[in-house]
Amino acid sequence: MERSNRRLFRRAAALGILVASLVAPTVAQAAVSPPSVTLEGTYTLVHVDGTAGHPSADGYHQELRAGGRAYDVKLGSGVAFRSGDSVRLTGRLQGATISVQHSSITAFAPDVPAIGGTTRVLVILAEWNAPDSTTQASAANVFAADSTWFNQTSYGHLSLSTTVTDWVHVSAPPAGLCSDSNVSDQLTNRALTASGYTAADFDRVVVYFPASTDSGCRNVAGFAEAPGNRVWLNGTMDTRSTIHEQGHNYGLYHAHSAACTTPGAATAAVAPDATADNCTYADYGDPFDAMGASGLVAEYSAGQKDDLGWLDAGRKATLTTGSTLGLVPYEQQSTAVHAAVFAASTTRSYWFENRAATGPDSALPPGATAGVLVHLVDSTVDAKSGEASYWASAQSYLLDQSPGDHWLGTSVLPYGQSWTSPEGVTFSIGSPSGGEVPVSAGVGTSSPASWPTGAPAAGARQPALLTARFATGQSTLRVTQGAAALISGTALQADGSAVGGSTVQVQATPHGRAVWRTVGSLTVPASGLLSGVFRPVGTSDYRLLLQASGDEGGAVSNVLTVVVRPSVIAAVTKPIVEHGRTVGLNVSIPGHAGQVVTVQRWVHNAWKPCATARLGVNGKRSVVVRLLAKGHYVYRFVKAADAFHLGAVSKPLPVRAV
C-alpha cells in the first residue's frame, strides 16, 4: 500500500472510531450528565524530551487551541487525532483541562507528501529573571549548523532560514511550563509580543528560555509539536536538541530499538517474531539516529527519510528474494541507491543502510559503519510497543545484529556476514567494492549466490570490528581517583566470527592530546566479548588497539573518555580542644604533589576561605588553626579543578572548642 493511501486509510479508520464514540455512549454516560462544555479548535500533540540520561522526563501532552487560548486534553482510549486536525470536543472542563466524553474531527489536517524547501524559523530568546550565557550570535550559529545538517541529510531538499532575536523580557510563567499547554502557549504569545515579530511571517517559532526551576521542567531539554510549528527549549541550545525537536515539527516520532529473544528461550535474537511477543522496545533506543537518545546527532534512518519524501530520484530500491543491490554511503549527495527495502509481509519491511563516518554521521562508531544497519518498520510491532497511531506512519526500530553483547553500540551487520530473519529470508552483506556495499536476499543460504565483481576471496585478510564501551553505555565516565573502571568491548572479524586468542592493547592519552601509550592488554576469548578493569589517574582518553597480523586485519576502537575527580582525604588531629589552643587539619591528595588547596570554614550558612596550603612531595599537608573562642567549628579542604581533574572537596571536619 502506497504511503499516501496508508495515511488516508488510517485517517478514515480514526474517523470511524470517533463517530462510533459519538453514537454509542455507555449506560453510565446516559445515566449521568455532568456539567460539560463544547469547544472547537485545533488539536496538537506535544512531545516532551528529557536531557541525556534522564528518560523518565520524556512524555507527551495533548492540547486544544480554541478561542485564543490553549487547553490540556484528556482523550478516551481508542481515540486518536493528528496535530493540526480541527476538532469538536465535549466534556468536563476543570481549570484548563478538558476530559473528553464526545469528540469528532471537523476537518483533517492536510497530509504533507514531502518535507522540502526553506523553513523560515524565528528563534526568540526569552527570560523572566535574567538571560543565561546563550547569546544571539551563539544561537544563530546553532541554527546555521542545523540548516547545514538538514540540507545534507535531506540530499538538498530542505534548509532553514533563521532569525534570532536578542533577549526579550517577559512576565514569569505560572507553574506547569513544561507540562501545561496553556502555560507554554502563553509564554510563546508573550515572547512574540515582546519580540515585535508576527508568527504568521514564519513557518516555525522556537522559544528558548533559561533552564526553568519549575518542578515539571526538571531534566527536560525541550518540547515540540509533532507535527506542528512550535518548539520550546528549556536552557538547552545545541544541535542535538534543536534538530531533535524540529524533527518532531516535521512529523517524526522517536527512533526506537527492539531487544528480542528466541521465542520459548532466553537466547538473544535479532528481530521480533511475527507470531510471538518476544521483544522489549526502547522509545529512544536507536543511538544512530538524531531522533534517538544519543548525542551523535546522526542522520534520520531510512524509514523516516522515506516518510519525509527524501528517498526520491532512485535513492531507495526494493530488494527481492534472489536479488542483490549495491548501496552507496548513506551520506553521499547523489541519486544512487542509498537504502534498500525488503517487504517481508503486508505490514513488515526491513530497511538496509550503508553508513559512513562522514558529514552528519561523522561521529558514528565502527559499530554503525563497519557493515550495514538494519531497521524494522512494522505496524503490528507498533501495537506491541505502544507506538501505534491511526494516522502516523509505522515506526522504525533498530535491530541489533550482535544481540549477544546486549549493547546497541555494535548493531551493524558486518561485511561478509549474513542474517536470517524470522520469515526465513537470509540477508547477506558483501565487502565494499567500487564505492558500494552489496546486499543480497535469499532463502536458506548463508552467502549470496554470486558475489559482485570485486568481492573478497575466501581467506583474504579482513579488518576486524573492534568496539569499546563502559557499562553505562555512555562514551564518558566520571570516577573518583583510585576507583576501578570497567572497560569492555567486542572484537570480531568482518564475517562476524570472534578474533579469539588475539591480544588487544588498552591505550590511553591525556584527554585531547592523541599521544597514545599502552597501559594494559586483554586476551580475546572465544566469544569475542572482552573486558578489563583499570584505575585511571587523571582525565584521559582510552581506546582498544588490535595489531594487524598475517591472517587478520588490525583495528582501532572508538574513543572513550574517563573524567577523574581527585580523592581528598582529610582528618582532624583532635575533635575537642580547649579554646585558645591549636588543632591540626590534615589532608592527603594522592598524585597531586606541590599543588595548592584551600581551607574553608562554615560561617553564617556558607563556606568561607580561611587559608591556603601547598601539598608536599607526598601529596600531604597539615594546616594548624587556633580556636580563639568556645563553640563549634567546621572546616574542609577544597582542591580546584586542573587540566586533568575535576574539582573536589573533603568531608567536613567538625571541631568543638570548650
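The model is predicted: local features need pLDDT of at least 70, side-chain atom pairs count only at pLDDT 80 or more, and totals for chains, interfaces and linings use all residues. Numbering runs from 1 along each chain as its sequence is written, and side-chain values use heavy atoms, with hydrogens and water left out.

**Overall**

The chain holds eight helices and 41 strands. These are DSSP runs, numbered from the N terminus: H or I of at least four residues for helices, E of at least two for strands. Of the 658 residues, 51% count as buried. Buried means under 20% relative accessible area, exposed over 50%, and partly exposed in between, with a 1.4 Å probe and protein chains only. The chain exposes about 27,900 Å², by the Shrake-Rupley method with a 1.4 Å probe. Carbon and sulfur atoms supply 53% of that area. A contact means heavy atoms within 4.5 Å. Among contacts between residues at least 6 apart in sequence, 64% join residues at least 24 apart.

**Nonpolar cores**

A nonpolar core is a set of buried Ala, Val, Leu, Ile, Met, Phe, Trp, Tyr and Cys residues joined through side-chain atoms within 4.5 Å. The largest has 30 residues. L319, F342, Y350, F352, L399, W419 and F427 have the most contacts inside it. Strands that give two or more residues to this core include β16 (339–343), β17 (348–353) and β22 (425–429). Apart from it lies another core, of 29 residues, among them V121, W167, V206 and A224.

Leaving aside neighbours within four places in sequence, F342 is in contact with L319, T320, T321, R348, S349, Y350, F352, V425, F427 and A441.

**Cavity**

There is one cavity of 30 Å³ or more. A cavity is a set of points, on a 1 Å grid over the protein atoms alone, where a 1.4 Å probe fits but cannot get out; lining residues have an atom within 4 Å of a point. The volume of the largest cavity is about 40 Å³, taken as the space filled by probe spheres set on the points, which are joined across faces, edges and corners. Its lining consists of P272, D273, A274, Y281, R348, D378, T380, V381 and K384. By class, that makes four nonpolar, one polar and four charged residues. Helix α8 (residues 379–385) gives the most to this lining, with three residues. R348 takes part in the lining and is also in contact with F342.

**Backbone sites**

Most residues other than glycine have a negative phi, and most peptide bonds are trans.

| Site | Backbone value |
|---|---|
| A226–P227 | cis peptide bond, omega about -10° |
| V297 | phi near 50° |
| A313 | phi near 55° |

P227 sits in the loop between β9 (220–225) and β10 (230–234). V297 is in the loop between β13 (279–282) and α6 (302–308). V297 counts as buried because its relative accessibility is 11%. A313 belongs to the loop between α6 and β14 (316–318).

**A484**

Which residues does A484 contact beyond its neighbours within four places in sequence? They are V533, F534 and R535. The C-alpha atoms of A484 and V533 are separated by 6.2 Å, though 49 residues apart along the chain. A484 lies in the loop between β25 (476–480) and β26 (485–492). At 42% relative accessibility, A484 counts as partly exposed.

Technical notes. On a 1 Å grid over the protein atoms alone, a cavity is a set of points where a 1.4 Å probe fits but cannot get out, and a pocket is an open set with protein on both sides within 12 Å along at least five of seven lines; lining residues have an atom within 4 Å of a point. Ala, Val, Leu, Ile, Met, Phe, Trp, Tyr, Cys and Pro count as nonpolar, Asp, Glu, Lys and Arg as charged, and the others, Gly among them, as polar.
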